[in-house]
Amino acid sequence: MKIICVGRNYRAHAEELGNAVPEVPVIFCKPDSALLPPRNPFVIPPWTQDVHHEIEWVVRISKVGKYIEPRFAHHYIDAMTVGLDFTARDLQSELKSKGLPWERAKGFDGSAVLGTWSDLPETTQPHHIRLEKNGTTVQEGSTADFLTPIEDLIAFVSQYFTLKKGDVLFTGTPAGVGPVAPGDRLEGFLNGESRLRVNIR
Ligand code: ZN
């Protein structure tokens with residue numbers, strides 16, 4: 001499976017990192033080795049001093065597709081959850097400043113955390129995502145605020161990458177990203193329901 005991610009899909013988050021709001025979606029991938037096994041703690045790697053949490057709405061691809069039209073995109077996703085796109089912000093900033101790819105800062109072991117899945121509702125409706133750090137809300141967003149809606153993301157991504165059953169799409173993080181430290185407890189919510197818990201070591 002592949003893990004496809006969208007960067008800067010919420011205006012307020014693009015602005016908090018001093019990034020321009022993109023004209024086309026910013027896309028990157030994580031290898032499948034980035035998946036944190038269920039119930040494992042997230043261990044901060046020794047080579048970074050600034051790992052940030054990014055809570056995101058995540059959808060799962062249900063069948064193979066390429067050059068998918070937006071109006072058919074909903075046929076290609078069948079489940080949703082929240083996920084964490086852990087980011088070594090110090091390394092990412094260094095790579096960005098040199099115009100280099102972000103993979104080491106975004107695709108390292110354990111950097112992708114998935115919550116428990118549920119069926120995607122038939123009707124298009126906004127979904128609310130929220131992240132608590134040590135019991136306090138630090139990030140909150142709605143899919144209604146996407147710069148690029150899910151149908152257009154699926155269409156865009158499938159022009160470049162054949163989507164396959166079981167692939168997952170992280171759809172970008174709302175404002176409020178910030179560092180994690182050993183001992184922190186993160187809990188992610190989808191539409192008010194707890195879907196993901198991870199302890200930081
Ligand atoms: Zn992200």
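Which residue is the bridge partner of His53 in β12? In this predicted model, the partner is Gly178. Residues are numbered from 1 along each chain as its sequence is written, and side-chain values use heavy atoms, with hydrogens and water left out. Because the model is predicted, local features need pLDDT of at least 70 and side-chain atom pairs count only at pLDDT 80 or more, whereas totals for chains, interfaces and linings use all residues.

**View 1. The open sheet β6-β3-β12.** Three strands, in the order β6-β3-β12 and with antiparallel pairing, form an open sheet of 3 strands. The edge strands, each pairing on one side only, are β6 (87-88) and β12 (178-179). Strand β3 (residues 51-53) is joined to β12 by 2 bridges, and the two run antiparallel. Strands (E, at least two residues) and helices (H or I, at least four residues) are DSSP runs, numbered from the N terminus; two strands pair if DSSP finds at least two bridges between them.

**View 2. The zinc site.** Glu54 (OE), Glu56 (OE) and Asp85 (OD) are the protein donors of the zinc ion, at 1.9 to 2.0 Å from it. Donors are N, O and S atoms within 2.8 Å of the metal (3.2 Å for Na, K and Ca); water is not among the atoms, so sites may look incomplete. The spacing of the donor residues in sequence is E-x1-E-x28-D. Both Glu54 and Glu56 are buried, where buried means under 20% relative accessible area, exposed over 50%, and partly exposed in between (1.4 Å probe, protein chains only).

**View 3. Strand β5 and its partners.** Of the 9 residues of strand β5 (residues 77-85), 8 are buried. Strand β4 (residues 55-61) pairs with β5 in the antiparallel sense over 7 bridges, and Trp57 stands opposite Val82 in β5. Strand β7 (residues 112-114) also runs antiparallel to β5, joined by 3 bridges; here the zinc donor Asp85 has Ala112 as its bridge partner. A further 2 bridges join β5 to the antiparallel strand β8 (residues 118-119), in which Ser118 stands opposite Met80.

**View 4. The buried side of helix α2.** Arg89, Leu91, Gln92 and Leu95 are buried in helix α2 (residues 89-97). They lie on the same side of α2 because they cover an arc of only 160° around the axis, taken from the directions from the helix axis to the C-beta atoms. The buried residues of α2 pack against α1 (11-16), β3, β6 and α3 (103-106), contact meaning heavy atoms within 4.5 Å. Gly99, with a positive phi near 70°, follows α2.
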